[in-house]
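Biologist: Could you walk me through this one before I set anything up? I'd like to go through it piece by piece.

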Amino acid sequence: KENIVILGIESSCDDTSAAIIQNGVIKSNEVAGQAVHKAYGGVVPELASRAHQQNIIPVVDQAIKKAGISRDQISAVAFTRGPGLLGSLLVGTSFAKGFALASGIPLIEINHLQGHVLAHFIKEDENDDSAPNFPFLCLLVSGGNSQIIIVRDYLDMEVIGQTIDDAAGEAFDKCAKVMGLPYPGGPLIDKLAKEGDPKAFKFAEPKIKGLDYSFSGLKTSFLYFIRDNIKNNPDFIEENKSDICASIQHTIIKVLLAKLKRAAKETGIKEITIAGGVSANSGLRETLQKEAEKHNWKLHIPKFAYTTDNAAMIAITGYYKYLKGEFVGQDVAPFSRMVI
Ligand code: KG4
């Protein structure tokens, strides 16, 4: 049997990551975050690309070392071509091209969103059989996307519902910002929500047709709610922090679940997965567990390490593209607006 070793490179936003996957099994997954953006309340693209440049070589070095392999064992390099910040993508793309050229190995372009979906196929060891069965539905919720996808095969996916404006992660982050919480606010809302009452406050839920999402109205309703309450009581946020967090989180989850349930019903698919940064949310995970029991779904929740941006998901997607011989040439360029 052929020994296939894939080096994955991810640099689409503000995490520089490299991973080694050998015959579908994870060998290493190194991630370097970028603290430089903290002071700005969001990712500053130019600073992100500079940090990627500093991080990429040490991160790749570390991934290869931790995997316990030598460079000449690598069969191919898979890299995130998009979507993402163009300057950030350019660093990973250029590195991958240089590495492939210098090593005389194939180059594989990866759609970051497909990577999130295929994170479910990363094996912890040879006997790991936790992967979902085709066809399955994937709720992909991140800082830039909220989509419901039918996955018919590794590389055969169809988006059947998506946000028409903001993503779920953006809704978390923007509401957190209104409350004066630092970026990214999603994980903080999650933490504070644990102490709060999810029914304490009510927010306007969007009424969008079909399987699509919308979060911009909710964001505006939240902004007005905070503004009006602060007028009467300047300490409103401080005094109600955990209740506000629990309530907004509850609303976002309710919106996400409503369309997912509808998608499961319409397609008859009972194998359900979640992916992307927001799938780290503990409230969403708990609610999904309950819904899965109620509707007899087979639920797959990814490991925390594979929910946010990471190169392991890029490498596993690269593995399946390698098996199909889907390679690209040195003329490939990053693409900031790629879709599934
Ligand atoms: O997938 P991701 O790392 O980046 C991309 O957008 O590609 O997702 C980041 C998003 C951010 O909006 C962040 O606030 C959100 O995921 N997030 C969370 C949690 N952890 C990360 N949102 C809610 N609860 C969490 N625990």
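Predicted model: local features only at pLDDT ≥ 70, side-chain atom pairs only at ≥ 80, totals over all residues.

Biologist: How many of the residues of β6 are buried overall?

Modeller: Six of its six residues are buried, so the strand is mostly covered. In a regular strand the side chains alternate between the two faces of the sheet.

Biologist: Which strands pair with β6, then?

Modeller: β7 runs antiparallel to β6 and is joined to it by six bridges, with a hairpin of four residues connecting the two, while β9 pairs with β6 in the parallel sense over four bridges. Leu137 has a bridge partner in each of them, namely Ile150 in β7 and Ile272 in β9.

Biologist: What does the sheet look like as a whole, and which strands stand at its edges?

Modeller: It is an open sheet of five strands in the order β8-β7-β6-β9-β10, and the pairing is mixed. The edges are β8 (156-162) and β10 (298-300), each of which has a single partner strand, so one side of each is left without a neighbour in the sheet. From one strand to the next the twist averages 25 degrees.

Biologist: And in what sense does β10 pair with β9?

Modeller: β9, residues 271-275, pairs with β10 in the parallel sense over three bridges, and Ile272 stands opposite Leu299 in β10.

Biologist: Which helix lies across β6, β7, β8 and β9?

Modeller: That is α7, residues 236-267, which runs at about 160 degrees to β6.

Biologist: Changing topic, where is Ala167, and is it buried or exposed?

Modeller: Ala167 is in the loop between β8 and α4, and it counts as buried because it has 23 C-beta neighbours inside 10 Å, where the cut-off for buried is 20 or more. Leaving out residues up to four places away in sequence, Ala167 touches Ser142, Gly143, Gly144, Asn145, Ser146 and Phe215.

Biologist: How far is Ala167 from Ala76?

Modeller: They are 91 residues apart in sequence, and in space their C-alpha atoms are 33 Å apart.

Biologist: Okay, on to the ligand: which residues are closest to it?

Modeller: The closest are Ser142, Gly143, Gly169, Gly186 and Gly277, out of 19 residues that surround the ligand. Ser142 and Gly143 are also among the residues that Ala167 touches.

Biologist: What is that shell made of, by class and by helix?

Modeller: By class, the shell around the ligand has six nonpolar, ten polar and three charged residues, and α4 (168-178) and α5 (186-193) each supply at least two residues to it.

Biologist: From which domains does the shell draw its residues?

Modeller: The shell draws at least three residues from each of domain 1 and domain 2.

Biologist: Where do those domains run in the chain, and how do they meet?

Modeller: Domain 1 covers 5-129 + 306-323 and domain 2 covers 136-302, with 27 Å between their centres, taken over C-alpha atoms. Their contact takes 17 residues from domain 1 and 21 residues from domain 2.

Biologist: Which elements matter on the domain 1 side of that contact?

Modeller: The elements giving two or more residues to that side are α3 (112-118) and α9 (312-323), and α3 gives the most, with five residues. By class, the side of domain 1 that touches domain 2 has seven nonpolar, eight polar and two charged residues.

Conventions: Residues numbered from 1 in each chain as written. Domains from an automatic or database assignment. Contact = placed C-beta atoms within 7 Å. Nonpolar A, V, L, I, M, F, W, Y, C, P; charged D, E, K, R; others polar. Near = placed C-beta within 6 Å. Pairing = 2+ DSSP bridges. Axes fitted to C-alpha atoms, helices over the stretch in contact; angles between N-to-C directions. Buried ≥ 20, exposed ≤ 12 C-beta atoms within 10 Å, placed from the backbone.
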